[in-house]
Structures are given as C-alpha cells and as structure tokens.
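Me: I would like to learn how to read a fold from its model. Can we take it feature by feature?

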Amino acid sequence: MHLRNKLTECCLFKSKQVTYNHKTTIILTEKYHKWYSQKLGLDVEMLVFGDRGYPVILFPTSQGRYFQNKDEGLIDAVSWFVNEGLVKIYCPDSFDWLTWYNKGVHPAERARNYNFYDQMLYDELAPWAMHETGVGKVATAGASFGGYHAANFGFKHPDRTGHIFSMSGAFDIKQFVDGYYDDNVFYNNPVDFLPGSDRWELWQMNIILGTAEHDICLEDNKRMSNILTQKNINHWLDVRPFATHDWPIWREMFPHYLSTIK
C-alpha cells in the first residue's frame, strides 16, 4: 500500500514488560511511525500497539501528543486485549494546536485546518489501519477532547467506523470558533450535523458514551444521548458513580468498552 511505503518505523520493542495495578504483563509490540501527510502538509507522528486485531484509533486529550495515552497508563490498562491479538491500537497526534486551540488565527482557518486533519484520518490513517489488520472498519476512542475526535470521526464517517468509545467527551465545537460559523464548523460539530444525518451505518454502530457522576462533561453526554435517542440509534450512556473527569475512571472504562467489540 502506497501510504505504508512512506511510513518511517523505528523504536520497535518486543516483549516489553510493564506494570499496572501491581500486575506485571507484556506488551508484544510497540512501534513508532512518522509519515508526511499529503492532506495536512505536515509530518504525522504515531505510536501503534499490537500486531493484529480490530484497529482502534485512540486520540489524546486536549492538545495531547501521540504518546500521552501511553504515558497516562491507558495502553497498559488494555494490555491484555493487545497481547491476545484482539485489538491493534493506533495513537496519532491530535494537532489541536493547529486547529480548534489555535487562537492565533481566524476561526475559519481553525475549522479549515481541522477539516484537513479529518481528511488525513479518513484518506490515510483509517485505510492503512484497515488494510494492515484486514478489518473492514475501525473503532475510534478517546478521553476528554479525544472523545470529541472519536465521536466526530465516527458520526461523520460511519462507512469506516464500527465502534465509538467516547470517555468524558464534549461534542459542541462552537465554543472554539468565537461566533464564526461555516460548513467546516457545521460538518465537524456532531451536535449540529448528526440530527439531520440519515447514514444507515449509524444504526449498525456500537456507540458508548462514557461519563461520570461528577464529570464536567456529564451534560454534554446527556445531550448527545438525547440526540441519538431521538433518532432511535442504539447506544449506551455509561454514567459512572462517584467519579470525576480524570484518568483513573478512563483507565477503568477503556478495557470495559474494548470488551464489547465483536
């Protein structure tokens, strides 16, 4: 595949020992990838965990880098699924500093840049992950702002998405555009474009909206759940008691959600 030929691979670790919750386990493979994206016009960096299984694109939180989910223990929390060959996890950069968080440019440019990022995911990363694993769709996942990325891609591109696992996500991007609005904002704002979408694949998707009783994004998840309910789209609004918007609850959620992949 032409994209794969452009990828630079290094830092390949085999039989890497890790410890999580006082248990020692092994992650079979960890690879660092870097390639020049024709859609973005920039280099994209990414870590990939595993050598086979259902492809999962896992996004970082706000302005997080490609290594954040590893550093915060989210990969360790699902190492069993990786070791068993059930999933292969792709952790790309978010480019939030170029898009919605880029306060140094006009909101129209922020939205346009995000559309380029979305095209990179759709035309480059997702097809490569599908080709590499032999699976016809990807799962998208992420915590906090990563939950937005996961939901936006999944709802916008159900033809390439079989599962959405959003953990404490928020889904209305208008807070980042200072009152500006155009098609690039609309089509990357799930609470706006999803109500009118009639893509049949949405009704075939496994959708989980994870949040917590004291989560700052609880109401955002209830709002998204209401949109899905009004469209009769099956989903699970998972509200965890006593928890907050933080990594400990996401490390509990993620392995639970991966267990729902069929």
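Me: Where do we start? How many helices and strands are there in the protein?
Reply: Remember first that this is a predicted model. The protein has ten helices and nine strands. Of its 262 residues, 59% count as buried. The accessible surface is about 11,100 Å², and carbon and sulfur atoms hold 49% of that.

Me: What share of the contacts with a separation of 6 or more joins residues 24 or more positions apart?
Reply: That share is 71%.

Me: Now a strand. How many residues of strand 5 are buried?
Reply: The general idea comes first. In a regular strand, side chains alternate between the two faces of the sheet. Now the case here. Strand 5 covers residues 87–92, and six of its six residues are buried, so the rest of the structure largely encloses it. Take the faces in turn. Val87, Ile89 and Cys91 are buried on one side. Lys88, Tyr90 and Pro92 are buried on the other.

Me: Which strands pair with strand 5, and in which sense, parallel or antiparallel?
Reply: Strand 3 (residues 42–49) runs antiparallel to strand 5, with four bridges. Met46 stands opposite Pro92 there. Strand 4 (residues 54–59) pairs with strand 5 in the parallel sense, also over four bridges. Val56 has Ile89 as its bridge partner.

Me: Next, the cores. Which residues touch the most other members of the largest nonpolar core?
Reply: Again, the general idea first. Nonpolar side chains tend to be buried together in soluble globular proteins. Here the largest nonpolar core has 31 residues, and Val56, Ile89, Phe254 and Leu258 touch the most other members. Helix 10 (residues 247–258) gives the most to this core, seven residues. Another core lies apart from it, with 30 residues, among them Val48, Trp100, Ile173 and Val177.

Me: What does Phe254 touch, beyond residues up to four places away in sequence?
Reply: Phe254 touches Val56, Leu58, Leu74, Val78, Ile89, Ala141 and Met167.

Me: Which residues are in contact with Arg110, leaving aside neighbours within four places in sequence?
Reply: Arg110 is in contact with Thr99, Trp100, Asn102, Lys103, Val105, Phe176, Val177 and Asp178. Trp100 and Val177 also belong to the core of 30 residues.

Conventions: Residues numbered from 1 in each chain as written. Predicted model: local features only at pLDDT ≥ 70, side-chain atom pairs only at ≥ 80, totals over all residues. Heavy atoms only, no water. Core = buried A, V, L, I, M, F, W, Y, C linked by side-chain atoms within 4.5 Å. Buried < 20%, exposed > 50% of the residue type's maximum accessible area, 1.4 Å probe, protein only. Helix = DSSP H or I, 4+ residues; strand = E, 2+ residues; numbered from the N terminus. Contact = heavy atoms within 4.5 Å. Areas by Shrake-Rupley, 256 points an atom, 1.4 Å probe, with all protein chains shown as cover. Pairing = 2+ DSSP bridges.
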